[in-house]
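Trainee: Please take me through one part closely: the aromatic rings and what surrounds them.

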Amino acid sequence: MVPSGQAAPTFVRMAAHPLRWRLLTELAGSDHRVRELTERLGQPQNLVSYHLRLLRDGGLVTARRSSFDGRDSYYHLDLDRCSDAMTTTGTDLHPVLRLRPPAPPALPAGGRVRVLFACTGNSSRSPMAEALLRHRAGDHVDVTSAGSRPKPRIHPDAIRVLRENFGIDLDDRRPRHLDTLSGRRFDYVITVCDKVREVCPEFGDDPRPVHWSLPDPAAAEDTYPAFADAARELDTRIGHLLAVFAATAPPEVQP
């Protein structure tokens, strides 16, 4: 229990401020640049940047340079870090408030969620994301991936990493162009590349746009570790996405 006079835990102090809570809420759904957060919150850029810096100092938010414009950065909310902080906050107040580990999300038994992952070459990040989501969600999702400038083949390290670390086979997968999906409808369009986010076409009737700012592992000096890192981050984000699918699914109709 918290001794008398001890300061409130960091997470409480960070999340209690109204503007910081709104920033956390926006970043919980997608990575964003400062100017986007400024527009969404209707607040001056210097004020938004100040509170983002506090969230970064508190370990809740990270920043990554944009591969489209190196002068810009994308901000990302570390949901696992937030979960750990909330658990610690509860037990600091009283042991009875210890949070139980969340159960795996139960996906709806009805219609499948339609998801598109997009990147530039469709040879690294987006096909890995497609395969990982299909591996974890099975028939509950209708998932595909494509690129704005597809490469001739899937990167060999993407194939190797998924086979060795996840037991997933990508040997028969071939990159495809975003144009081949014209007319398709999606519930979620998830860009995993900063460059493709700028040129990704619209699909169907107002799908939910999500951006995951991941560096291109094929551009790394040592590609295999970079692909392994990308696969781990994608798998973590997909776990969070499945929780969103489960939470937003319409209730089943009882006979």
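Mentor: One term first: a residue is buried under 20% relative accessible area, exposed over 50%, and partly exposed in between, with a 1.4 Å probe and protein chains only. By that rule F186 is buried, because its relative accessibility is 3%. F203 is buried too, because its relative accessible area is 4%.

The model is predicted: local features need pLDDT of at least 70, side-chain atom pairs count only at pLDDT 80 or more, and totals for chains, interfaces and linings use all residues. Residues are numbered from 1 along each chain as its sequence is written, and side-chain values use heavy atoms, without hydrogens or water.

Now the rings. The whole structure holds three aromatic pairs (ring centres within 6.5 Å, with Trp counted by its six-membered ring; stacked under 30 degrees, edge-to-face over 60, tilted for the rest). One of them joins F117 and W212. Their ring centres lie 5.8 Å apart and their planes meet at 50°, so this pair is tilted. F117 sits in strand β3, residues 113–119 (strands are DSSP runs of E, at least two residues; helices are H or I, at least four; both are numbered from the N terminus). W212 sits in the loop between β6 (208–211) and α9 (223–248). The two parts are 95 residues apart in sequence, so the pair ties them together. Both F117 and W212 are buried.

Another pair is made by F186 and F203. Here the ring centres are 5.5 Å apart and the planes stand at 85°, so the pair is edge-to-face. F186 is in the loop between α7 (156–166) and β5 (188–191). F203 is in the loop between α8 (194–197) and β6. They are 17 residues apart, and the pair links distant parts of the chain.

Strand β3 runs through residue 119, so look next at C119. C119 is buried because its relative accessible area is 2%. Its sulfur lies 6.0 Å from the closest cysteine sulfur, that of C193, which is too far for a bond (a disulfide needs sulfur atoms within 2.5 Å). C193, in turn, is in no disulfide. C193 is also buried, because its relative accessible area is 2%. The count of disulfides comes to zero.

Which residues does E36 touch, leaving aside its neighbours within four places in sequence? They are D31, Y74 and R197 (contact means heavy atoms within 4.5 Å). E36 belongs to helix α3, residues 34–41. E36 counts as buried because its relative accessibility is 11%. P175 is 139 residues from E36 along the chain, and their C-alpha atoms are separated by 31 Å.

Y74, one of those contacts, brings us to strand β2, residues 73–77. Four of the five residues in β2 are buried, so the strand is mostly covered. Strand β1 (residues 61–65) runs antiparallel to β2, and five bridges join them (strands pair with at least two DSSP bridges). V61 has L77 in β2 as its bridge partner.

Helix α5, residues 79–93, is the last stop. Among its residues, C82, T89, G90 and T91 are buried. The buried residues of α5 pack against α1 (10–16) and β2.

Definitions and conventions: The expected span of a helix is 1.5 Å times one less than its number of residues.
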